[in-house]
Amino acid sequence: MKLSIQSKGELAFAGLLLVLGIFVLIETAAIPIPVAASNVGPRFMPYFAGGLLTVAAAWTLLEILRGRSASPEESELADPTQKFHFGRVALLVASVIAFGVLLDPLGYLIAAPLCMFGLLLTFGARRWWLMTVVSVVLPVLIFLLFTEVLGIYLPLGPFEGLF
C-alpha cells in the first residue's frame, strides 16, 4: 500500500491523537477521588474525553489505512501540493510537551513564556523583540487573570512564596 504525502500527514496526526488519548486515559487513573465525591467524580470527564479521543483516532487511523483519506475542501486554505514542514510540526509538538514537562518544576511564569516563544516561532513570527515581549507579557496577563480574578492557583515553581 502506497500512501500519499497527505495521507502520511493525516496518519501521523491521527497517531499522535491516539497516543494523546491513551495518555489521558492512563493519567486519569492517577487523579485522586475525594471521600465526599458523588457518582460522577473528578475522573468522569477526563475518562470520557480520553476515551472519545482514543476511539475517534483509532477509527481515523483505520479509515486512512483502508485508503479512505479525506479530500481537502475547496474552502480550505491548505494547498495539498505544498511541502510538509516536519520541522515546524516538531517544534510545535516540542513546545507543547516542554510546557507540560516544565510546568511543575519551573512554574507557569517560566514554562509559559518558553512555550509561547516556541509557538510564535512555529507560526512564522520573525521579529525577535516582539516575540520576546509577547511571550512574556501574555503569560503574565493570563497568570494575573487566573490568580487574581478567578482565584485559580497556577504553579509558581521557584517564585513560590514571592507572590
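These are my notebook entries on a predicted protein model.

**Ground rules**

I number residues from 1 along each chain as its sequence is written, and my side-chain values use heavy atoms, with hydrogens and water left out. Since I am reading a predicted model, local features need pLDDT of at least 70 and side-chain atom pairs count only at pLDDT 80 or more, while totals for chains, interfaces and linings use all residues.

**Entry 1: the overall fold**

I began by looking up the helices and strands, which are DSSP runs numbered from the N terminus (helices are H or I, at least four residues; strands are E, at least two). I found five helices and zero strands, and the pattern along the sequence reads α-α-α-α-α.

Next I looked up burial, where buried means under 20% relative accessible area, exposed means over 50%, and partly exposed lies in between (1.4 Å probe, protein chains only). Buried residues make up 17% of the 163 residues. The accessible surface, from the Shrake-Rupley method with a 1.4 Å probe and, for residues, only the protein chains shown as cover, comes to about 11,700 Å². Carbon and sulfur atoms hold 73% of that surface.

I also looked up contacts (heavy atoms within 4.5 Å). Of the contacts with a separation of 6 or more, 59% join residues 24 or more positions apart.

**Entry 2: helix H3**

Just after H3, Gly107 takes a positive phi of about 90°.

I moved on to Glu63, in helix H2 (residues 44–65). Is Glu63 buried or exposed? Glu63 counts as buried because its relative accessible area is 17%. Leaving out residues up to four places away in sequence, Glu63 touches Arg68 and Ser69. I also checked Leu11, 52 residues from Glu63 along the chain, and their C-alpha atoms are separated by 9.6 Å.

A salt bridge needs a side-chain nitrogen of Lys or Arg within 4 Å of a carboxyl oxygen of Asp or Glu. I count one by this rule: Arg66 pairs with Glu63, with the closest N and O atoms 3.5 Å apart. Arg66 is exposed, at a relative accessible area of 56%.

**Entry 3: helix H5**

H5 has 23 residues and reaches 32 Å between its first and last C-alpha, close to the 33 Å expected. Which residues of H5 are buried? I listed Met131, Ser135, Pro139 and Phe143, and the buried residues of H5 pack against helix H4 (108–122). An α-helix has 3.6 residues a turn, so residues three or four places apart point the same way.

Leu144 also sits in H5 (residues 128–150) and is partly exposed, with a relative accessible area of 40%. After H5 comes Gly151, with a positive phi near 70°.

Definitions and conventions:
The expected span of a helix is 1.5 Å times one less than its number of residues.
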